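Here is a walk through one protein model, starting where two chains meet and ending inside one of them. Keep the 3D view open while you read.

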There are 2 protein chains.
Amino acid sequence: MRGQPDLSGAPTSAKPFLAPFRGEALAPPPVWLMRQAGRYLPEYRATRAKAGSFLKLCYTPAMAAEVTLQPIVRYGFDAAILFSDILVVPDALGQRLEFVEGEGPRLEPIRDVASLARLDAGKCAATFERVFETVARVRADLPKETALIGFCGAPWTVATYMVEGGGSKDQAETRLWAYRDPGGFAQLIHLLTEASVEYLCGQVKAGADVLQIFDTWAGSLPKEQFFQWVEYPTATIVRRVREVYPNVPIIGFPRGSGVKAERYVEVTGVQGLGCDTATPAWAMHDLARQTGAVVQGNLDPLVLVAGGPLLEAYVRELLGVLRDVPYIFNLGHGIVPQTPPEHVARLVDLVRKGVN
Amino acid sequence: MRGQPDLSGAPTSAKPFLAPFRGEALAPPPVWLMRQAGRYLPEYRATRAKAGSFLKLCYTPAMAAEVTLQPIVRYGFDAAILFSDILVVPDALGQRLEFVEGEGPRLEPIRDVASLARLDAGKCAATFERVFETVARVRADLPKETALIGFCGAPWTVATYMVEGGGSKDQAETRLWAYRDPGGFAQLIHLLTEASVEYLCGQVKAGADVLQIFDTWAGSLPKEQFFQWVEYPTATIVRRVREVYPNVPIIGFPRGSGVKAERYVEVTGVQGLGCDTATPAWAMHDLARQTGAVVQGNLDPLVLVAGGPLLEAYVRELLGVLRDVPYIFNLGHGIVPQTPPEHVARLVDLVRKGVN
């Protein structure tokens with residue numbers, strides 16, 4: 001049945017990527033890289049130029065599928081991740097969005113309950129359909145042994161972009177709104193939670209094997225607010241998606257959550273935990289043991305840029321420390337544009353063949 | 001003896017701020033706030049306007065002492081912190097520095113070993129002397145029961161400003177230099193370590209009771225690099241300063257260090273640990289027990305901006321959870337300019353009288 005990987009009975013799946021979610025510690029571990037489709041690849045830059053704009057690229061299924069597949073063709077990663085952006089959801093809700101070359105996303109900020117009237121959950125379907133078509137196209141073209149990851153931004157992180165009007169250093173306006181008017185801010189989070197459930201379920205229906213929820217700015221919230229705006233909405237998404245697709249593993253990536261990561265797994269019910277660069281390998285090992293979740297990460301993307309013996313040392317440590325727990329090799333944050341493509345090839349080689 | 005608080009025999013010091021460093025869990029705990037002298041205070045803005053430029057304010061002892069004392073006069077904090085900037089050290093070393101209104105610091109970037117020739121450790125003394133004079137003036141005017149905190153930026157964090165040419169989102173250029181050319185980058189860190197020792201010792205000699213080392217960007221480094229560029233240089237500074245002033249407590253503030261905080265205390269030998277906003281109170285309690293260090297923090301500065309019941313709830317939690325360990329009340333990051341001064345008064349009141 002399309003979109004629902006069979007995790008129920010077979011002793012071995014054709015997709016190594018799914019083995020850790022059955023509790024297997026694979027050697028070598030499956031490997032993919034956050035932002036593996038992106039500006040560091042010349043073939044991506046060519047398609048991006050053809051598309052004209054970043055959003056056009058996201059919303060044109062043929063081209064979005066093409067760039068999704070490019071790193072699979074080049075490196076044979078164990079999973080492809082849908083090429084898209086976490087801001088598709090606010091865009092689908094009707095918040096004006098543009099990507100300014102060299103500056104990143106710009107949105108018309110929403111900073112109070114009254115402005116929520118500008119958003120319309122009923123409008124999402126049309127925009128989401130284009131993404132679902134990309135997923136279906138990728139699914140059709142993907143090698144049988146390669147998993148397909150769908151994703152969304154977590155409500156908190158997406159909200160920060162919607163409130164700040166783009167990226168921000170400290171998410172100050174968003175935190176202030178949440179602190180001053182929790183009831184009003186909860187309406188935005190609720191809207192995003194509902195839209196994210198619809199968005200993720202549609203991706204699974206179209207062919208995604210696994211889902212990842214990116215919470216880039218989870219680290220900016222103190223304890224109770226971390227529960228209220230990070231853990232609780234994520235738990236809701238996980239529960240609702242799994243009501244429909246009980247066997248689809250969901251990976252949470254609460255960047256900067258530090259010592260709160262263990263409880264995050266317990267509260268949200270995610271099956272996988274993305275770990276950021278600041279998390280030492282020993283702590284990832286502890287988290288895997290304590291929570292039973294698959295751990296994923298966490299090479300510094302700038303170590304990949306630097307390459308050489310430092311890259312080897314970090315790969316060796318991650319593979320060594322995490323060899324006896326269910327683990328997926330990845331970066332601790334997205335790959336950066338200045339990454340030499342040959343360093344990525346070297347990395348995949350080191351992971352697959354081991355560092356001696 | 002000026003500059004060396006007597007921590008040796010007396011059962012009670014005249015300065016409550018120093019009690020936690022003797023292992024006492026004071027009720028109420030001592031309280032001060034990072035950036036307590038700053039733009040949120042009208043009296044600060046008046047002095048700042050008189051000074052003309054931010055650097056002029058830092059380097060004019062009469063004015064710098066005045067703004068250091070302003071929050072003590074207004075709120076009666078248990079400690080004053082020298083008004084200065086962590087970039088005094090690169091400025092003293094000869095790197096061109098300016099503060100651009102509304103944009104923050106700008107420096108002529110240093111990105112390789114060759115550029116280190118532009119720096120001259122021999123030049124520092126003249127610049128440092130002006131800061132030491134500020135310390136002496138503050139010491140003379142400070143109430144007997146109020147402690148005086150001297151400070152510097154940690155070599156890693158100061159280096160990021162020197163390499164990036166100012167503040168940065170991810171310290172990418174600095175990390176890349178450190179990863180690609182650790183031997184060369186170590187020369188910059190060494191230079192900063194030496195200058196910091198001289199700078200901190202001078203502050204103690206001039207009258208500082210306690211020192212704090214700010215490592216705002218400690219969170220951007222993965223494990224081995226965290227040891228090499230955060231823990232090791234800080235350990236060197238702590239050891240060298242305490243060779244001269246064995247009784248002066250040193251507080252480290254490795255922001256974003258997450259699960260690495262416990263080892264940070266062990267490796268560096270700091271007597272106090274500043275905790276960031278992301279650290280839950282229970283984790284601060286664990287850290288106090290595990291390391292024996294005084295914990296300090298960690299109210300979200302934006303909760304202070306918001307005020308009201310949320311402020312009360314957080315203060316209540318911090319005071320409750322940390323009541324039986326040596327603890328200093330503070331924010332988890334610097335106070336922000338839009339903070340209403342009356343919220344600060346309310347906070348001090350809540351800490352001193354307790355939340356009912």
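Predicted model: local features only at pLDDT ≥ 70, side-chain atom pairs only at ≥ 80, totals over all residues.

Residues are numbered from 1 along each chain as its sequence is written, chains are lettered from A and ligands numbered from 1 in the order in which they are written, and side-chain values use heavy atoms, leaving out hydrogens and water.

Back to the meeting place. Chain B puts 30 residues into the contact and chain A puts in 30 residues, where contact means heavy atoms within 4.5 Å. How many salt bridges does the rule find across the interface of chain B and chain A? It finds four, a salt bridge being a side-chain nitrogen of Lys or Arg within 4 Å of a carboxyl oxygen of Asp or Glu. In one salt bridge, A:Lys223 joins B:Glu317, with the closest N and O atoms 2.8 Å apart.

Which parts of chain B touch chain A? The elements that give two or more residues to that side are H7, H9, H11, H12 and H13 of chain B, and H7(B) gives the largest share, five residues. Helices (H or I, at least four residues) and strands (E, at least two) are DSSP runs, numbered from the N terminus.

Now look inside chain B. Seven strands make an open, parallel sheet in the order S1-S4-S5-S6-S7-S8-S9, and its edge strands, S1 (79-81) and S9 (327-331) of chain B, each pair on one side only. Strands pair if DSSP finds at least two bridges between them. Two of the strand pairs in chain B look like this:

| Strand pair | Bridges | Sense |
|---|---|---|
| S1(B) and S4(B) | three bridges | parallel |
| S2(B) and S3(B) | four bridges | antiparallel |

In the second, B:Phe99 has B:Pro105 in S3(B) as its bridge partner. S2(B) and S3(B) form a hairpin with three residues between them, and B:Gly102 in the turn has a positive phi of about 75 degrees.
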